[in-house]
Amino acid sequence: MSAVLAEAEPRPMEAARDVLRRVFGHEAFRGLQADVIAEVLAGRNALAVLPTGGGKSLCYQIPALVRPGLGLVVSPLIALMTDQVAALVQSGVAAARLDSMIDLDERAETWRRIEAGALDLLYVSPEGLMQPAMLDRLSRTPLSIVAIDEAHCVSQWGHDFRPEYRMLGRLAELFPGVPRLAVTATADARTREDIRAELRLQDSAEFVASFARPELILSAERKRGSAEKRVVELVTARAGRSGVVYAGSREKTETLAQSLRDAGVDALAYHAGLEKRLRADRLEQFLEADAAVMVATIAFGMGVDKPDVRFVIHADPPASIEAYWQEVGRAGRDGEPAEGITLYGAADMAWAYRRLAERDVDDSVKQTQARKVRQLYAMLDGVSCRAAAVRRYFGEEGVEACGQCDLCTGAVETEDATVAAQKALSAAHRLGGRFGRGRLVDHLLARTKDPSAWETGLSTWGIGQELSAAQWKDLTEQLVFEGLLRETPNDGRPLVGLGDADAVRAVFRGERPVLMRKAAAGEERGARGRGRKGREAMAVQAADRPLFDALRAWRAAEAKAQHVPPYVIFHDRTLAEIASARPGGRAALAGLNGVGEAKLAHYGAAVLEVVAGFVA
Ligand code: ADP
Ligand code: ZN
């Protein structure tokens, strides 16, 4: 029986809402949380795809607290488990982890609690869980849910593939009748298929959230001069905030971190070449700091659940749009404004192609990967909303511009290319989706080798003389990216046809302009010198700043004393709410977002005392 809910609840969703309020201090479910939780509470399996920061963990934590029995959470990284368990304990939840870092005494104590029915949530690694002794003991324990976190690790197509995850398919027969929930932030159809097949969730409901991250302010700029200098400039302009800087090589993380330290930034380097202990230490330092910068290769990844990362800077571009979204997605997990800034250059793109060419994989894989590289750079160098481009890439429909990225706020010099776009779209239409983009360009320029009479007879033959082949290539790529042209895979030799019919019609009618980046433009733009201070900063009024800072100082001391990351005590957002509401008593404090019963009991008095010092 759950320790949180003392008696059986006739209406499970009401119980779920009650736990949300009392334990986690949140007023309402977000996005698809309620749907996913309802499915699990009905005793059914499910797959939930929510963007990073979308609140995946509550999807299994709440059912674990509402349903009787122990909730099992399979997680790929000790850092992830440590963080979640610490946060749960702060909220008064009986949670523990069993992994290779836990010593014998603690292990025994955890088993004692499990056998006494006193534990609500147990975090385990996949290999730990599948050990016969563990399975044997768990088989005698009533379970409320089996959650598989970061479920995309089961897919060999992704960059987080973990062979141990494959064993988790057996959970279906090992724990029949226990609802299994797979959660991930990786959305593409192939990964989803893999998860379903490998984890035996073929008949389960699938919940896929929007990939919108309205708190992320995206920008990208071409590398000019010293990229290192530019990174130092970007980071020092964001002093006092935590951030991640991704660099393309181990060596570069070290030199960049050094340059940042020379500039007075609390920066650490992180890469797979570091000794394991050192890596763990640095991760811990980063997580526990109020403002630190981690300069890392992509080895620094999944374990990074620090909610108050205010910026992610790509000193070198990511490998694909999937990787981009995952990496910039590590900023702003607390829902407060955060920035994703990418530096890129033609040399990076060439390098990506070269590395791909050297890889020992099938041509079909290479072609897919090459397309991903193209799409990434089309987005980075694009002229229309970055956030919308990414979401469209993930298959979302009816996506609107974000209104806050560098492209939406108009920092890029563009020229109207609507007429050229109409020509390209009309040519694609006439060619009937039978050819690739190269051929479409040839057709527009009347350069097709040995053209048929049919082709030269089309009204679009050779109508594109005003642009060069390279410009047409850019433009058609951009049209694919904007969803106006659509490529079908065709075994790695994509065929191009018309995309979204309404959008295409709007372009033909001249209702939707198509803007193309001006050649040689893009030199004077970037995240530089634009007034976005207001959006960058936490939503704290100037008058509330001193109290907010005092609350942060109190939290830092408390976190240090307990040796936990500050955000497991209270998130910045909660401190901001406190600073603005200035609660005069426990009831008022309890009403604020992020203040559950346990935190009220532990920290209520201390927080109210800090507030009292600021009330005249
Ligand atoms: P992820 O999906 O990336 O695992 P988390 O589960 O870590 O996301 O949640 C991200 C943040 O959102 C956390 O700080 C959590 O406290 C907060 N959160 C989750 N659900 C809600 C909610 N319903 N209302 C308010 N905040 C929420
Ligand atoms: Zn935008």
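Ala446 is partly exposed in this predicted model, with a relative accessible area of 33%. Most residues other than glycine have a negative phi.

His563, which is not a glycine, has a phi of about 55°, and lies in the loop between H23 and helix H24 (572-581).

Helix H16 spans residues 386-393, and six of its eight residues are buried, so the helix is largely enclosed by the rest of the structure. The buried residues are Arg386, Ala387, Ala388, Ala389, Val390 and Arg391.

Asp308 belongs to the loop between strand E11 (293-296) and strand E12 (309-314). The relative accessibility of Asp308 is 5%, so this residue counts as buried, the cut-off being 20%. With neighbours within four places in sequence left aside, Asp308 is in contact with Ser242, Asp290, Asp334, Tyr567 and Asp572.

A search of the whole structure finds six aromatic pairs. A pair of aromatic rings is described by the distance of the centres and the angle of the planes. Two of the pairs are listed here.

| Pair | Centre to centre | Angle between planes | Arrangement |
|---|---|---|---|
| Tyr324 and Trp325 | 6.2 Å | 35° | tilted |
| Trp554 and Tyr603 | 5.7 Å | 75° | edge-to-face |

The edge-to-face pair of Trp554 and Tyr603 links distant parts of the chain, with the two residues 49 residues apart. Trp554 is in helix H23 (residues 545-562), and Tyr603 is in helix H26 (residues 597-612). Both of these residues are buried.

Tyr270, Phe286 and Phe300 form one aromatic cluster. Phe286 also has a charged neighbour: Lys306 lies over the face of its ring, at 5.4 Å from the ring centre. A further charge over a ring involves Arg439, whose charged end sits over the ring of Phe435, 4.0 Å from its centre.

The second largest pocket holds about 1500 Å³ of space. It is lined by 48 residues, of which Leu77, Ile78, Ala79, Ala280 and Leu283 are the closest to its centre. By class, the lining divides into 22 nonpolar, 10 polar and 16 charged residues.

Which element gives the most to the lining of the second largest pocket? H12 does, with nine residues. Helix H12 covers 276-288, and is one of several elements that each supply at least two residues of the lining. The others are helix H4 (78-90), strand E3 (95-98), helix H5 (104-115), helix H6 (126-129), helix H7 (132-139) and helix H13 (321-328).

Definitions and conventions: Residues are numbered from 1 along each chain as its sequence is written. Chains are lettered from A and ligands numbered from 1 in the order in which they are written. This is a predicted model: local features need pLDDT of at least 70, side-chain atom pairs count only at pLDDT 80 or more; totals for chains, interfaces and linings use all residues. Side-chain values use heavy atoms; hydrogens and water are left out. Rings of Phe, Tyr and Trp (its six-membered ring) pair if their centres lie within 6.5 Å; planes under 30 degrees apart count as stacked, over 60 as edge-to-face and the rest as tilted. Helices (H or I, at least four residues) and strands (E, at least two) are DSSP runs, numbered from the N terminus. Buried means under 20% relative accessible area, exposed over 50%, partly exposed in between (1.4 Å probe, protein chains only). A charge sits over a ring if NZ of Lys or CZ of Arg is within 6 Å of the ring centre and within 35 degrees of the ring normal. On a 1 Å grid over the protein atoms alone, a cavity is a set of points where a 1.4 Å probe fits but cannot get out, and a pocket is an open set with protein on both sides within 12 Å along at least five of seven lines; lining residues have an atom within 4 Å of a point. Grid points are joined across faces, edges and corners, and a volume is the space filled by probe spheres set on the points. Ala, Val, Leu, Ile, Met, Phe, Trp, Tyr, Cys and Pro count as nonpolar, Asp, Glu, Lys and Arg as charged, and the others, Gly among them, as polar. Contact means heavy atoms within 4.5 Å.
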